[in-house]
Amino acid sequence: MYRGITLSPAVSKLFEHVLIELYEDQLGSDHLQFGFKKEHGCVHALFTFKETTKYFVSKGGEVFCAFLDASKAFDKVLHCGLLVKLLKKNISLSFVQILRNWYRKLNASVLWNGVYGRIFPILCGVRQGGVLSLMLFSIYNICARLAVVYM
């Protein structure tokens with residue numbers, strides 16, 4: 001199993017930082033989302049899960065849960081789907097157009113034993129290591145939250 005990586009030059013990271021600076025107020029995620037956000041993470045999600053479970057068990061209820069393995073999820077983001085979700089979220093059209101142009105020009109090549117293969121377009125996935133990638137992934141997956149179902 002091999003996985004593609006993105007070699008993002010400093011100029012790309014600077015460009016994405018500028019985009020975040022200009023559009024950060026529009027790129028926020030749901031307040032119930034823990035992953036892929038500044039000052040939030042697994043510890044917060046686990047605490048919420050543990051406390052919610054304790055509450056319902058102490059009231060005599062049963063708790064059922066499901067976990068989602070999103071280890072390769074960054075690679076599965078469809079570019080056109082991401083753009084549609086950004087538009088539905090009423091994010092600035094200029095930002096969406098910039099992003100469309102930015103992602104439309106992604107290409108890759110495979111290096112194997114010192115030989116480069118043919119260049120091909122990348123049609124899905126957010127940029128690995130991209131400064132903007134966490135926010136874009138978060139917006140793309142806004143409906144895919146871990147749910148705790150209780151009775």
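**Salt bridges and one exposed lysine**

Good morning. I begin with Glu 16 and Arg 127, which are both buried, meaning under 20% relative accessible area, where exposed means over 50% and partly exposed lies in between (1.4 Å probe, protein chains only). The model is a predicted one, in which local features need pLDDT of at least 70 and side-chain atom pairs count only at pLDDT 80 or more, while totals for chains, interfaces and linings use all residues. Residues are numbered from 1 along each chain as its sequence is written, and side-chain values use heavy atoms, leaving out hydrogens and water.

The side chains of Glu 16 and Arg 127 form a salt bridge, at 3.4 Å from N to O. The term requires a side-chain nitrogen of Lys or Arg within 4 Å of a carboxyl oxygen of Asp or Glu. Glu 16 lies in helix α1 (residues 10–23), and Arg 127, 111 residues apart from it, in the loop between β5 (120–121) and α5 (133–140). Helices (H or I, at least four residues) and strands (E, at least two) are DSSP runs, numbered from the N terminus.

How many salt bridges does this rule give? The count is 2. Glu 51 and Lys 54 also meet in one, at 3.3 Å from N to O. These two residues are 3 residues apart in helix α2 (residues 42–58), so about one helical turn separates them. Glu 51 is partly exposed at 31% relative accessible area, and Lys 54 is partly exposed at 47%.

Finally, I turn to Lys 76, in the loop between β1 (63–65) and α3 (79–88). Lys 76 counts as exposed because its relative accessibility is 59%. Leaving aside residues up to four places away in sequence, Lys 76 touches Gly 125 and Tyr 140, contact meaning heavy atoms within 4.5 Å.
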